[in-house]
Amino acid sequence: MKILAIGRNYGDHIKELDNERPEEPVIFTKPDTAILKNNEPFYYPSYSNDIHHEVELIIRICKEGKFVKEEHASKYYDKIGLGIDFTARDLQSKAKEKGLPWDIAKGFNGSAPISGWLEKNEFENLQNINFSLKVNGALKQEGNSSLMLFPIDYVVSYLSKFFTLKTGDIIFTGTPKGVGPVLIGDKLEGFIENQKLLDFEVK
Ligand code: MG
């Protein structure tokens, strides 16, 4: 399986990092070795001093597809969950300055903790889902999928032009504002609406 991810999908997060508003989704990938499941701890790597949390809604692909039309996109995913797109901001800033790829800043081991899955059909409107992240009990990030610049079906359709979607693939749909550093000893809790889906420690 593969992990596809969207950067800069919420206007308020683009502003906080002083990035440009994209005309098309900004795409990057993470390898499957980035995944952490079952609330396993995240081990802070030695090569960064500035790992940031980015809480994001994630979807799971349930059907192979390429060149999927936006109006058919919802048939290609069946589950929704929550993920953290851990980002080594120091390595990313260095890469951005030089115009180099972000791969190590986004795809390192453990950079993609994911929750268990909820059925997509349990949600009345996928573009109106509240989600949030607490660090050590304090609310740090709060988002609603209605604020995405590129809605989920558009993202699925867009990605499928370049990457054949396969069952089990995961898409990270972007983070709202409030990203910030994590430290060893922090406890992260992620929520969709009032349901706690992530609960793990940084070690
Ligand atoms: Mg992100």
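**Notes on the predicted model**

1. Over residues 2-186 the chain comes out at 17% helix and 29% strand, with the end C-alpha atoms 28 Å apart. Helices (H or I, at least four residues) and strands (E, at least two) are DSSP runs, numbered from the N terminus. UniProt lists that stretch, in an unreviewed entry, as "domain: Fumarylacetoacetase-like C-terminal"; its positions are given in the numbering used here, the feature name is shortened, and the annotation may be inferred rather than shown by experiment.

2. Some ground rules: this is a predicted model, where local features need pLDDT of at least 70 and side-chain atom pairs count only at pLDDT 80 or more, while totals for chains, interfaces and linings use all residues. Residues are numbered from 1 along each chain as its sequence is written, and side-chain values use heavy atoms, leaving out hydrogens and water.

3. On to the metal. E54 (OE), E56 (OE) and D85 (OD) coordinate the magnesium ion at 2.0 to 2.1 Å, with the spacing E-x1-E-x28-D along the chain. E54 sits in the loop between β4 (51-53) and β5, and D85 in the loop between β6 and β7 (87-88), so this pair ties together parts 31 residues apart in sequence. Donors here are N, O and S atoms within 2.8 Å of the metal (3.2 Å for Na, K and Ca); water is not among the atoms, so the site may look incomplete.

4. Buried means under 20% relative accessible area, exposed over 50%, partly exposed in between (1.4 Å probe, protein chains only).

5. Helix α4 (residues 152-162) has I152, V155, V156, S157, Y158, L159 and S160 buried. Their cover includes β1 (3-7), β2 (26-30), β5 (55-61), β6 (77-84) and β12 (170-172).

6. Finally, an open sheet of four strands runs β11-β10-β14-β15 with antiparallel pairing (strands pair if DSSP finds at least two bridges between them). β11 (138-144) and β15 (195-201) are the edge strands. Six bridges join β10 (residues 130-135) to β11, and K134 stands opposite L139 in β11.

Conventions. Contact means heavy atoms within 4.5 Å.
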